[in-house]
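Colleague: Could you take a close look at one residue here, and then work outward to the rest of the chain?

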Amino acid sequence: MAHKAGFVNIIGNPNVGKSTLMNAFVGEKLSIITSKAQTTRHRILGIVNGEDFQVILSDTPGIIKPAYELQESMMDFVKSAFEDADVLVYMVEVGEKSLKDERFFNKITHSEIPVLLLLNKIDTSNQEQLEAQVELWKDQVPNAEIYPISALEGFNVENVFNRLVELLPESPAFYPKDQLTDKPERFFVNETIREKILLHYKKEIPYAVEVETEEFFEDEDIIRIRSVIMVERDTQKGIIIGHKGTAIKRVGTEARKDLEAFFGKQIHIELYVKVNKNWRSNQNQLRRFGYNQ
Ligand code: GDP
Ligand code: K
Ligand code: MG
């Protein structure tokens, strides 16, 4: 059989389950997942390799109306996802009516490449609701093939994957067959720490935070990591650290456990906090953190 390879780009509103689906396909926790919008800030590739196929998935930030530079750049990642796809995966969740951003919605309904519309989280709905939703989406996106799924429970995930492979063009692989992602190791360290911050701090704190790993030193049986948690104000620094350092210690402990599972090695992690005023609105800072393509 001829070898197939190509790019599958996953787009949709915040929190519909895009990152959960990508991780389910890849079988690794490449993308961080929380119940908060704007958990995913970058475009992240997840590569699934088989003997006669290579599916290159890209997880993107949820579609939002940008309010500051960082969000502008996040939406550029979404725009680029339309440009190089062989198949578009448009994910919605049960109960959602339509995309918030008209520009993207038109691009989906007028797409010249195949669109799979995945109606996610069907584990939370009954049969009657589900049928009504399928009808609604048939109407809204007539060019799409519709698949009800549960990314969390794995329902229909394999069928969708097989259909994706079918739709890919005949092509040799684009990446080495043992490669899982395009992102360097430090990226996963940064993201894991950011996930713990999203989980444990309230309100605006997670959105004011960026993480930068300054040291990633891999020895035979241990990886030594030093990362900076960047905030915008002194008050935020105090909150991140917490009373007697308990809050930041918790972030470090939980991140270490996840990273030990991810890298399969013992991890030593050192965290510190730095104030970097208005990094979210500063082009140069954003470029440094990998937000400009
Ligand atoms: P993203 O913002 O689109 O990337 O969404 P995430 O993958 O981060 O998921 C957002 C939230 O929805 C998380 O709390 C997930 O656990 C949850 N979630 C994702 N898929 C499913 C699903 O199939 N069923 C249910 N019940 N929850 C899901
Ligand atoms: K999310
Ligand atoms: Mg996400």
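Modeller: N278 counts as exposed, because it has 12 C-beta neighbours inside 10 Å. The cut-offs are these: a residue is buried with 20 or more other C-beta atoms within 10 Å of its own, exposed with 12 or fewer, and partly exposed in between, with C-beta atoms placed from the backbone. This is a predicted model, where local features need pLDDT of at least 70 and side-chain atom pairs count only at pLDDT 80 or more, while totals for chains, interfaces and linings use all residues. Residues are numbered from 1 along each chain as its sequence is written, and chains are lettered from A and ligands numbered from 1 in the order in which they are written.

The backbone of N278 deserves a look. Its phi is positive, about 55°, although N278 is not a glycine. Most residues other than glycine have a negative phi. N278 sits in the loop between strand 9 (266-275) and helix 9 (283-288). Helices (H or I, at least four residues) and strands (E, at least two) are DSSP runs, numbered from the N terminus.

K203 also has a positive phi, near 50°, and is not a glycine either. K203 belongs to the loop between helix 6 (185-200) and strand 7 (210-218). K203 is exposed, because 8 other C-beta atoms lie within 10 Å.

Now step back into strand 9. E270 is part of that strand. With 12 C-beta neighbours inside 10 Å, E270 is exposed. Beyond residues up to four places away in sequence, E270 touches I225 and R226; contact means C-beta atoms, placed from the backbone, within 7 Å. L168 is 102 residues from E270 in sequence and 43 Å away in space, C-alpha to C-alpha.

Strand 8 (residues 222-231) holds V228. V228 is partly exposed, with 18 other C-beta atoms within 10 Å. Leaving aside its neighbours within four places in sequence, V228 contacts E212, E214, Y272 and K274. E212 and V228 are 16 residues apart in sequence, and their C-alpha atoms are 5.2 Å apart in space.

These residues belong to a larger layout. The domain assignment, which is automatic or from a database, gives domain 1 (4-167) and domain 2 (185-288). The C-alpha centres of the two domains lie 28 Å apart. Domain 1 puts 10 residues into the contact, and domain 2 puts in 13 residues. On the domain 1 side, the residues divide into 3 nonpolar, 4 polar and 3 charged. Here Ala, Val, Leu, Ile, Met, Phe, Trp, Tyr, Cys and Pro count as nonpolar, Asp, Glu, Lys and Arg as charged, and the others, Gly among them, as polar.

The largest nonpolar core has 47 residues, and V8, L57, V87, V89, Y90, M91 and L117 have the most contacts inside it. Such a core is a set of buried Ala, Val, Leu, Ile, Met, Phe, Trp, Tyr and Cys residues joined through C-beta atoms within 7 Å. Several elements each supply at least two residues of this core, among them strand 1 (4-12), helix 2 (69-83) and strand 5 (115-120). The largest share, 6 residues, comes from strand 4. V89 touches V8, N9, I10, L116 and L118, not counting residues up to four places away in sequence. Apart from this core lies another, of 20 residues, including A208, V209, V211 and M230.

Then the ligand. Ligand 1 is surrounded by 20 residues, and the closest are G17, K18, S19, T20 and L152. A residue is near a molecule if its C-beta atom, placed from the backbone, lies within 6 Å of it. The shell divides into 5 nonpolar, 12 polar and 3 charged residues. Helix 1 (residues 18-26) gives the most to this shell, with 3 residues.

G17 also turns up among the partners of K121. Not counting residues up to four places away in sequence, K121 touches G17, E93, V94 and S150. K121 lies in the loop between strand 5 and helix 4 (127-140). With 22 C-beta neighbours inside 10 Å, K121 counts as buried.

Last, the whole chain. Its secondary structure comes to 9 helices and 9 strands. The radius of gyration, taken over C-alpha atoms, is 20 Å, close to the 19 Å that the globule rule gives for 293 residues, so the chain is as compact as a globular protein of that length. That rule is 2.2 Å times the number of residues to the power 0.38. The C-alpha trace spans about 55 × 40 × 40 Å along its principal axes. Of the 293 residues, 36% count as buried.

Terms used:
Contact = placed C-beta atoms within 7 Å.
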